Amino acid sequence: MKVLVTGAAGFIGMHTSERLLARGDEVVGLDNLNDYYDPRLKEDRLARLTPHPAFRFVKLDVADRAGMERLFAEEGFDRVIHLAAQAGVRYSLQNPHAYVDSNLVGFMNILEGCRHGKVGHLVYASSSSVYGGNTKMPFSEHDSVDHPVSLYAATKKANELMAHTYSHLYGLPTTGLRFFTVYGPWGRPDMALFLFTRAMLEGRPIDVFNHGRMRRDFTYIDDIVEGVLRTLDHVAEADAGFDADRPDPGRSNAPYRVFNIGNHDPVELMAFIEAIETAIGRKAEKNFLPLQDGDVPATYADTAELNAWTGFAPATPVSEGVARFVAWYRAYYGA
Ligand code: NAD
């Protein structure tokens, strides 16, 4: 299959592209290589993909309408995995326009490209943040998600709504995956595991929000990629029998779906920090701070739907995943 992976120089995009290439797919990786975080990390991730003969990189902004129209007109993609987005909850309070450009205008261009390019299946990144301050645990796809508490979350929810219209109007098979706090080697420098590891190895204190009383369904990158690929394949197979005259959004035989993809095993932030301390072999000095605006106190994925549909089951315990991250960090930064 020829697959467009947007955000290919990003954390999840690189790992996803690697797996697609390893199993024999052709990958066109797109990224604008923005400087939201250290561009060197993005270049080094890309350097792992570019030597592969079945990989081609396109530097493009998904918000560039003419560029995106040209790309889809010139290339025939069987599948699209759309991961490019302005990520980060806290940054969306400081820089809201970046989210509108990349996550809304960019998503629009993806939908139009998939529609006109007759793409067989669009799998895109949504987020656990759509659940806002939901206190009913675990989070189920059947819960109401009408109260996002950050602009980032609102753009992800908007993506799901926009995808629904394209599935409904044009029969474009779409699947949104609500990722729950993804971590692992080559992870994002703006996320807790990276920030904590760096500070601890440099002997600086770590900022612990909500006084450590946070719970997160930390999900290891390999499990996420496994879920993305299962979704891409399995759902697409089932779509062959899709009856366009009988749309039934969210159900098994419809081309519009949204699934949680998480570890189904939330961990207290303090326990997560302990796992990092164990992996590093040193105690952290902690600055306890209040909950940040836009953040939610807990996340917990009910993954029964994705499991029923694709057999997805997360396999990596946090202690193991954290140890793998710390080993990667030390090797990469020589720390
Ligand atoms: P990332 O920032 O590492 O990757 C995103 C990539 O997209 C980056 O390389 C960036 O340069 C690129 N990009 C951003 N805006 C772009 C634009 N306008 N045009 C082209 N490229 C652009 O983030 P990630 O952690 O790999 O996340 C991938 C996707 O998963 C994102 O959509 C994110 O919102 C979503 N997500 C991630 C997590 C997580 O825990 N990592 C959780 C929920 C949702």
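**Exercise 1. In this predicted model, find which residues Ser 126 touches, leaving out those up to four places away in sequence.**

*Solution.* Start by placing the residue: Ser 126 is found in strand E5. Next, list its partners beyond the sequence neighbours: Ser 126 touches Lys 156, Glu 160, Leu 177, Arg 178 and Phe 179. Then check its accessibility. The relative value for Ser 126 is 2%, and the cut-off for buried is under 20%, so Ser 126 counts as buried.

**Exercise 2. Describe the surroundings of the ligand: how many residues surround it, and which are the closest?**

*Solution.* Begin with the count, which is 30 residues around the ligand. The closest are Asp 31, Tyr 37, Ser 102, Tyr 152 and Val 182. Sorting the shell by residue type gives 17 nonpolar, eight polar and five charged residues.

Now look at individual atom pairs. An oxygen atom of the ligand and a polar backbone atom of Val 182 are 2.7 Å apart. For Arg 188, a polar side-chain atom lies 2.9 Å from an oxygen atom of the ligand. With Leu 83, a backbone N or O atom is 3.0 Å from a ligand oxygen atom. As for area, the ligand taken alone exposes 820 Å², and the protein buries 97% of that.

Last, ask which elements supply the shell. Two or more residues each come from helix H1 (11-22), strand E2 (26-31), strand E5 (121-127) and helix H6 (151-170). E5 gives the most, with three residues.

**Exercise 3. Decide whether Thr 16 and Val 28 are buried or exposed, and list their contacts.**

*Solution.* Take Thr 16, which lies in helix H1. Its relative accessible area is 0%, so Thr 16 is buried. Not counting residues up to four places away in sequence, Thr 16 touches Ile 81, Leu 83, Val 225, Val 228 and Leu 229.

Now turn to Val 28, in strand E2. With a relative accessible area of 1%, Val 28 is buried as well. Leaving aside neighbours within four places in sequence, Val 28 is in contact with Lys 2, Val 3, Leu 4, Val 5, Arg 56, Val 58, Glu 75 and Phe 77.

**Exercise 4. Explain why helix H7 (residues 192-201) is described as largely enclosed by the rest of the structure.**

*Solution.* Count the buried residues: seven of the ten in H7 are buried, so the helix is largely enclosed. They are Leu 193, Phe 194, Phe 196, Thr 197, Ala 199, Met 200 and Leu 201. Then see what they pack against: helix H2 (39-49), strand E7 (182-183), strand E8 (206-208), helix H9 (269-280) and helix H11 (318-333). After H7 comes Gly 203, with a positive phi near 75 degrees.

**Exercise 5. Find which residues touch the most other members of the largest nonpolar core.**

*Solution.* This core has 63 residues, and those with the most contacts to other members are Phe 179, Phe 272, Ile 276 and Val 322. Follow Ile 276: beyond its neighbours within four places in sequence, Ile 276 is in contact with Leu 193, Phe 196, Thr 197, Met 200, Val 322 and Val 326. Another core, of 25 residues, lies apart from the largest one, and includes Leu 71, Val 80, Ala 163 and Tyr 166. As background, nonpolar side chains in soluble globular proteins tend to be buried together.

**Exercise 6. Inspect the backbone at Lys 118, His 264 and Pro 138.**

*Solution.* Lys 118 has a positive phi, near 50 degrees. This residue is in the loop between helix H5 (96-116) and E5, and at 71% relative accessibility Lys 118 counts as exposed.

His 264 also has a positive phi, of about 55 degrees. The loop that holds His 264 runs between strand E11 (256-261) and strand E12 (267-268). At 36% relative accessibility, His 264 counts as partly exposed.

Finally, check omega for the peptide bond from Met 137 to Pro 138: the value is near -10 degrees, and the bond is cis. Pro 138 is found in the loop between E5 and H6.

How values were computed. Residues numbered from 1 in each chain as written. Predicted model: local features only at pLDDT ≥ 70, side-chain atom pairs only at ≥ 80, totals over all residues. Heavy atoms only, no water. Near = heavy atom within 4 Å. Polar contact = N/O pair within 3.5 Å; in protein donor to acceptor, adjacent residues only side chain to side chain. Areas by Shrake-Rupley, 256 points an atom, 1.4 Å probe, with all protein chains shown as cover. Helix = DSSP H or I, 4+ residues; strand = E, 2+ residues; numbered from the N terminus. Nonpolar A, V, L, I, M, F, W, Y, C, P; charged D, E, K, R; others polar. Core = buried A, V, L, I, M, F, W, Y, C linked by side-chain atoms within 4.5 Å. Buried < 20%, exposed > 50% of the residue type's maximum accessible area, 1.4 Å probe, protein only. Contact = heavy atoms within 4.5 Å.
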